[in-house]
Amino acid sequence: MMYMPFLLSGLGIILSLSFDVFKMSYLQILLSVGIFVSGIYIFLQDGYLTYMYGIFFTDPINCLMLLTVSFLELFVSLYSFGYIRTETAQGVPKRRFRYYYFWKNAFILSMFVSMLSNNLGVYWVGLEATTLATAFLIAFYRSKESYEASWKYVMMCSIGITLGLFAVVLLYYATAKLYGESLSSLSFVNIISVANSLDKKLLFLSFILALVGFGTKAGFAPMHNWLPDAHSQAPSPISALLSGVLLNTALLGVIRFYQINQKAGIVYAGKFLLFFGTLTLFLASLLMLKQSEYKRLFAYSSMENMGVISLGLSMGGLATFGALIHILFHALSKGVLFMAAGNILSVLHIRFG
């Protein structure tokens, strides 16, 4: 059951190349139900579990995110069933949807790889794969605006992911002195157990790089410019996934590096997380006041919620629990809003409220 999210989303990639898009919409619902059931099963398991030779593991944080992804992905599959039929009936060529489920399942699979990874290098690979998969989905409608949004998304997130890679490399340099040049040096479980013995300057520097790098993809200000364009131009079910779960997957990288710094006793790491969370919350609140396009408004709202979650994480204690619960409810509520926006757009054909 632990491997089912990987297997089912991988199966979806294969089936999407073999079946007509309308037939695939039925199969996708079955696959999504299976992913949701396996997500619930994994969420209900107690304690920390490692599998596949320690490359993947579960803890309360990534189990909650897994449940969030599987829940929202089921909603999106149900919504996509009618969405595709409505779009094709209104003139969108059916052949354009040929690879819709292919890239969607590739996106889901890469998120599962990233969020369930015990190895921070594998986490980085999975997060980079989400960029490649979603770039094609953002440009789905092939308009000037969608191409521009996709290009901006790829460029800015690639820069951020590169900084994230530097964070992983620095962390590896710090841990290789204890674990040697092996995969064990990037194991989160191994690193957190010896965090007090590691070079605190290297740990803090790696956290700052992760905060800026992975924070770019999480929508932190001032590296957020890609977010409103990408979320507004993507198909509405994809916008729901971008806002509801992709931002959380990127935020998980920041959380992991923050956990390591906390374990090492680097208390000022929390002040930097607090600063970026406050800046993001404040700037998003101001930008929301100027928006008349409803999908862009929801995108800035997602950015604001990332700031709220970061504030909770930086404060610790009960606020951390609140931040984790906020991750789930923000994903579901924002997913519903983007799908409702898709219905409005299909009926009225206007983007402005």
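Both Lys-104 and Glu-73 are buried, where buried means under 20% relative accessible area, exposed over 50% and partly exposed in between, with a 1.4 Å probe and protein chains only. The two side chains meet in a salt bridge with an N to O distance of 2.5 Å, a salt bridge being a side-chain nitrogen of Lys or Arg within 4 Å of a carboxyl oxygen of Asp or Glu. Lys-104 lies in helix H4 and Glu-73 in helix H3, so the pair ties together parts that are 31 residues apart in sequence.

This is a predicted model, in which local features need pLDDT of at least 70 and side-chain atom pairs count only at pLDDT 80 or more, while totals for chains, interfaces and linings use all residues. Residues are numbered from 1 along each chain as its sequence is written, and side-chain values use heavy atoms, with hydrogens and water left out.

**Salt bridges**

- By the rule given above, the count comes to five salt bridges.
- Lys-94 and Asp-20 meet through their side chains in a salt bridge of 2.7 Å, N to O, and this pair links distant parts of the chain, with Lys-94 in the loop between helix H3 (60–89) and helix H4 (100–115) and Asp-20 in the loop between helix H1 (4–16) and helix H2 (21–43), 74 residues apart.
- Lys-94 is partly exposed, with a relative accessible area of 36%, and Asp-20 also counts as partly exposed, at 30% relative accessibility.
- Lys-152 forms a salt bridge with Asp-229, the closest N and O atoms being 2.6 Å apart; because Lys-152 lies in helix H6 (residues 144–179) and Asp-229 in helix H9 (residues 226–233), the pair ties together parts that are 77 residues apart in sequence.
- At 25% relative accessibility Lys-152 counts as partly exposed, whereas Asp-229, at 16%, counts as buried.
- Salt bridges that share partners join Lys-152, Asp-229 and Arg-296 into one network.

**Packing of H5 with H10**

- Helix H5 (residues 120–138) and helix H10 (residues 236–263) pack at an angle of about 160°, with their axes 12 Å apart; axes are lines fitted to C-alpha atoms, for helices over the stretch in contact, and angles run from 0 to 180 degrees between N-to-C directions.
- H5 and H10 are therefore roughly antiparallel to each other, a label for angles over 145 degrees, while those under 35 count as roughly parallel, 65 to 115 as roughly perpendicular and the rest as oblique.
- The crossing of H5 and H10 is left-handed, meaning that the near helix is turned anticlockwise from the far one by less than a right angle.
- By class, the contact of H5 with H10 has twelve nonpolar, four polar and one charged residues, where Ala, Val, Leu, Ile, Met, Phe, Trp, Tyr, Cys and Pro count as nonpolar, Asp, Glu, Lys and Arg as charged, and the others, Gly among them, as polar.

**Packing of H4 with H10**

- H4 and H10 pack at an angle of about 20°, with their axes 10 Å apart, which makes H4 roughly parallel to H10.
- The crossing of H4 and H10 is left-handed, and the contact includes Lys-104, Phe-107 and Ile-108 of H4 together with Leu-241, Leu-242 and Val-245 of H10.
- The residues of the contact of H4 with H10 divide into twelve nonpolar, two polar and one charged.

Notes
Helices (H or I, at least four residues) and strands (E, at least two) are DSSP runs, numbered from the N terminus. Contact means heavy atoms within 4.5 Å.
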